[in-house]
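Colleague: I would like to walk through this one with you. Can you take my questions in turn?

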Amino acid sequence: MRPDSALVHTPAPGVYLSTRGFESIVYGLAAALAALGSDDLQQLRTPPVIARDIIEKVGYHRSFPHLLGRVYAKTDTGLPAESDVVLLPAGCYCVYPLFAGVRLAVATELSIEATCFRQEAGAEVGRLRSFRMREFVRLDTAEHCLSWRDDRLSAAREWLAGLGLETESTVANDPFFGAGNRMMRALQRERELKIELLAEVGPGQVQAIGSGNYHTDQFGRLFAIAGPDGEVAHTACLAFGYERLALALLHRHGADPHRWPERIRKDLGLEATH
Ligand code: 5GP
Ligand code: ZN
């Protein structure tokens with residue numbers, strides 16, 4: 001019998017149903033992650049779609065045409081045509097437009113929980129096409145964005161270590177500057193704009209369970225956001241994938257969460273599931 005804490009395969013590779021046990025872990029992680037932010041942080045939840053205009057404005061469709069999920073719907077003419085929404089690839093794209101044209105009086109941070117889609121080519125353990133993430137997004141000056149990201153990353157590593165997940169922190173490159181642009185990717189590495197926290201999510205399968213990005217003033221420019229110093233706002237985000245975190249815990253502590261260390265069960269509010 002499949003353990004009640006597993007993900008269940010569907011005919012679409014990288015698309016899973018989750019069992020009640022798996023969802024209990026996700027639920028515990030979601031609550032613990034939300035609590036990592038300060039109490040007064042505004043928390044938002046996304047739908048699985050976002051306005052196509054926004055994704056085109058940030059250039060995601062050019063950088064990652066292979067990952068973007070498009071939506072087609074029947075129109076008045078009876079023919080299917082592309083709709084005005086696309087599947088959301090990451091939570092923070094929903095945040096920047098909220099501040100379009102705004103001059104921020106103070107540094108601003110919020111937290112967003114997102115259902116994301118990326119048309120990944122592989123479907124190894126932990127690589128889901130449809131997955132959920134919690135993101136913390138900061139709009140601030142250049143200097144503060146970087147230190148915020150690094151402080152929050154170390155706090156996250158400590159939290160993960162408390163859950164028994166030792167992570168390796170590594171410099172990566174990614175979405176924000178485009179897969180095709182080799183120079184920008186090299187620059188991103190050199191400037192350490194993206195840092196990933198890696199852990200095993202399955203036997204021999206190491207993946208990012210969290211990541212911290214500093215986007216420089218890219219989104220501030222695109223959305224005409226001014227920071228607290230009056231200059232173009234800089235932004236940073238910290239993201240954690242729920243399914244990857246749950247898989248890493250199952251891999252680390254075993255397939256039966258009832259047998260996990262009591263303290264970890266308590267931290268994730270799993271006691272009630274007995
Ligand atoms: P990023 O935007 O940095 O690529 O991803 C943010 C977080 O989402 C990652 O740290 C990871 O935890 C999660 N994530 C990214 N891609 C995938 C994926 O293909 N499958 C799953 N399950 N999670 C992902
Ligand atoms: Zn982000």
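Modeller: Gladly. Keep in mind that this is a predicted model. Let us begin with a pair of helices. The crossing of α1 and α7 is right-handed.

Colleague: How are α1 and α7 oriented to each other, roughly parallel or roughly perpendicular?

Modeller: Helix α1 covers residues 20–36, and helix α7 covers residues 242–253. Their axes lie 9 Å apart, and the packing angle is about 115°. Angles of 65 to 115 degrees count as roughly perpendicular. Therefore the two helices, α1 and α7, are roughly perpendicular.

Colleague: Which residues of α7 does α1 meet, and what classes make up the contact?

Modeller: From α1 come F22, I25, V26, L29, A30 and L33. They meet Y242, E243, L245, A246, L247, L249 and L250 in α7. By class, the contact of α1 with α7 has one charged residue, no polar residues and 12 nonpolar ones.

Colleague: Now the metal. Which residues coordinate the zinc ion (ligand 2)?

Modeller: Look for donor atoms around the zinc ion (ligand 2): they sit at 2.2 to 2.4 Å. Along the sequence, the donor residues follow the spacing C-x42-E-x101-C.

Colleague: How many residues apart are C92 and E135?

Modeller: C92 and E135 are both buried. C92 is in the loop between β6 (80–87) and β7 (108–117). E135 is in strand β8 (residues 130–140). The pair links distant parts of the chain, and its separation is 43 residues.

Colleague: Is L68 buried or exposed?

Modeller: L68 is in the loop between α3 (60–63) and β5 (70–74). Beyond residues up to four places away in sequence, L68 touches I55, Y60, H61, V86 and L87. Buried means under 20% relative accessible area. The value for L68 is 9%, so L68 is buried.

Colleague: How far apart in space are L68 and H251?

Modeller: In sequence, L68 and H251 are 183 residues apart. In space, C-alpha to C-alpha, the distance is 30 Å.

Colleague: Last one: is R152 buried or exposed?

Modeller: R152 belongs to helix α4 (residues 142–162). Leaving aside neighbours within four places in sequence, R152 contacts L36, G37, E109, F136 and L238. The relative accessible area of R152 is 17%, so with the cut-off at under 20%, R152 is buried.

Technical notes. Residues are numbered from 1 along each chain as its sequence is written. Chains are lettered from A and ligands numbered from 1 in the order in which they are written. This is a predicted model: local features need pLDDT of at least 70, side-chain atom pairs count only at pLDDT 80 or more; totals for chains, interfaces and linings use all residues. Side-chain values use heavy atoms; hydrogens and water are left out. Axes are lines fitted to C-alpha atoms, for helices over the stretch in contact, and angles run from 0 to 180 degrees between N-to-C directions. Helices (H or I, at least four residues) and strands (E, at least two) are DSSP runs, numbered from the N terminus. Angles under 35 degrees count as roughly parallel, over 145 as roughly antiparallel, 65 to 115 as roughly perpendicular and the rest as oblique. A crossing is left-handed if the near helix is turned anticlockwise from the far one by less than a right angle, and right-handed if clockwise. Contact means heavy atoms within 4.5 Å. Ala, Val, Leu, Ile, Met, Phe, Trp, Tyr, Cys and Pro count as nonpolar, Asp, Glu, Lys and Arg as charged, and the others, Gly among them, as polar. Donors are N, O and S atoms within 2.8 Å of the metal (3.2 Å for Na, K and Ca); water is not among the atoms, so sites may look incomplete. Buried means under 20% relative accessible area, exposed over 50%, partly exposed in between (1.4 Å probe, protein chains only).
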